[in-house]
Amino acid sequence: MTEAQGTCRLTTAQAIVKWLVNQYIEIDGQEYRLCGGGFGIFGHGNVTCLGEALYNYQEELPLYRGQNEQSMGFAAAGYAKQWLRQRFMFCTASAGPGTSNLVTSAALAHANRLPMLMLCGDAYVTRLPDPVLQQMENFYDPTLGVNDAFKPVTRFWDRIVHPAQIIQSLPNALATMLDPADCGPAFLGLPQDVQGWAYDYPEIFFEKKVHRIRRQAPDAYEIADAVALLKASERPMIIAGGGVQYSGAVKELTDFAEAHQIPVVETIAGRANLLNEHALNIGPIGVTGSDSANIIGEKADVILCVGTRLQDFTTGSWTAFAHEAKLIGVNVARFDAGKHMAAPVVGDAKLSLLALTEALGDYQAPNDWVSFAQAERKTWDAYVAKNVSYGGNKPNSYAQAIGVVNELCDPRDRVLTASGGLPAEVTANWRTLDIGTVDVEFGYSCMGYEIAGGWGARIAQAEREPDKDTIVFVGDGAYMLMNSDIYSSVLTQKKMIVLLLDNGGWAVINKLQNNVGSESFNCLYEDTPTIPNPFDVDYAAHAASMGANVETVADASELGDAFKRAKASDKTYVIYMKVAAYDAWTAQGHAWWECGTPEVSDSEKVRAAHEDWESARPKQRKGV
């Protein structure tokens, strides 16, 4: 590196890394480096220049060696969730297939509004050596490459074609990742020649900068409109989403609900906003919710939606609420605040709840409404207690495993799951022991997030709560798709406890298949015609081969002792248990979900199921 007055000469790659190292964030009065490090798989498109730059900052930006680019992105998402979007990780991949493997994880981060920085190789700007190894040529537009595929699944996208460009591009990418309304993944395409080109950067560009998350105050007129609706309400309800935690507004939500005695229900992303035992916690709402929340959802006349994007699993495809119910959308994102003709309150959840509390004065929901909601919750609690119980002739179930772990885990342990049937089972049956301890990835419902996201979450958890555990619930289908970060967790000494629950294939999709009248086909191994002789994978041996401690248990009665041993272990511990594919699901707590069903069919069962499915459509709100 050569220096001139007020400048330093660096390659583009060196400048990116040096800039990242000097970005900090203040969280609860303490400074942290904003970027916690990165996940990387090197190839010819990123090793020679970006790899050289990262080598010199191994302590400041630890680089975790990935096994799969998609799982690296999932790990970065799990890390960002654990830090409540206040810190992020970067992912670096080589040009071509290494980078394109990140598209799915970028989509997951986008759907969940999570920050993640992708630093990915690209073809040469000069085009002198074209076509190059792993380049996707476009016959009609030579500027178009595989990296352009990231444009729909990122919040910020840029291709760096000159070293000076990063002086503008990096701050803009970071501003997007930290913006409460626009938060999401940022992508920088780094052509292989440009990565190594040098430039005289101004030294001021690399000075330490401390960032803080912006809080947008709500508009006074929108607060007044919301208050008018609430004061006229006889059956108000609060839907608490994931944005409550991202805003750090759990206390304000709790104080607001208690001051005005308004029942609270939680979205999937909003699980663990309130403790299980809180008197106003009426349970999770929606397709994978609770009878208690869904019953009051149908009767509520005003619904205060805080920090939720109102996904179809929350709204029961918009059948979960009465047609005449009025919605109030409290959200920092204008895009979400006005959904379904809601009265919008565009602003930070913490500031908005404080403003609503002050303006509402001594308003409280009628006692009979609150008592009704609490009675329904008691009924649901009794069902859950029965559902998670085991013994006798009950088949092994997800719910039983969830109940055992729930009983024995530390209140601050983090529970994580994603695809298949487990999100529904955890959402319905998990009883929250502490705030912010549940990550059910259902924004994108992405198979494969479980173990990779658990690894990323554990990296983040170890930075502040090293004595607590990250507990991953994963089915055999998701395990088969992506399991290599068991090896990553062992290598990096980031212990996880993995509950691997095997029901013989994609059992929840088989359940949906049967629910719409179709015969079981191609979901369970035993029902796949192209598999003449299905056999069991030795999952325990497979996990053990990656260095994990492993136990196989026969049923929930053995699971408890195995889980205690897992807690005592100093490295990743996998507990394998077979569960039933049929007749072992949580049967209650569901709302209608719009699903395409055949209008005509040779099967009488399919025709009957279609008519039954469509019979609920009159309940569906049409946008008002």
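This is a predicted model: local features need pLDDT of at least 70, side-chain atom pairs count only at pLDDT 80 or more; totals for chains, interfaces and linings use all residues.
**Exercise 1. Describe the second largest pocket: what is its volume, and which residues line it?**

*Solution.* Residues are numbered from 1 along each chain as its sequence is written, and side-chain values use heavy atoms, without hydrogens and water.

A pocket is an open set of points on a 1 Å grid over the protein atoms alone, where a 1.4 Å probe fits, with protein on both sides within 12 Å along at least five of seven lines.

Next, the lining (residues with an atom within 4 Å of a point). It has 26 residues; Val-287, Phe-313, Val-508, Leu-512 and Trp-593 lie nearest the centre.

**Exercise 2. Which helix gives the most to this lining?**

*Solution.* Helices are DSSP runs (H or I, at least four residues). α12, α17, α21 and α24 each supply at least two lining residues. α21 gives the most, with five.

**Exercise 3. Which residues stand opposite Val-330 of β17?**

*Solution.* Strands are DSSP runs too (E, at least two residues). Two strands pair if DSSP finds at least two bridges between them. β16 and β17 run parallel, joined by five bridges. Here Val-306 stands opposite Val-330. β17 and β18 also run parallel, with four bridges. There the bridge partner of Val-330 is Val-345.
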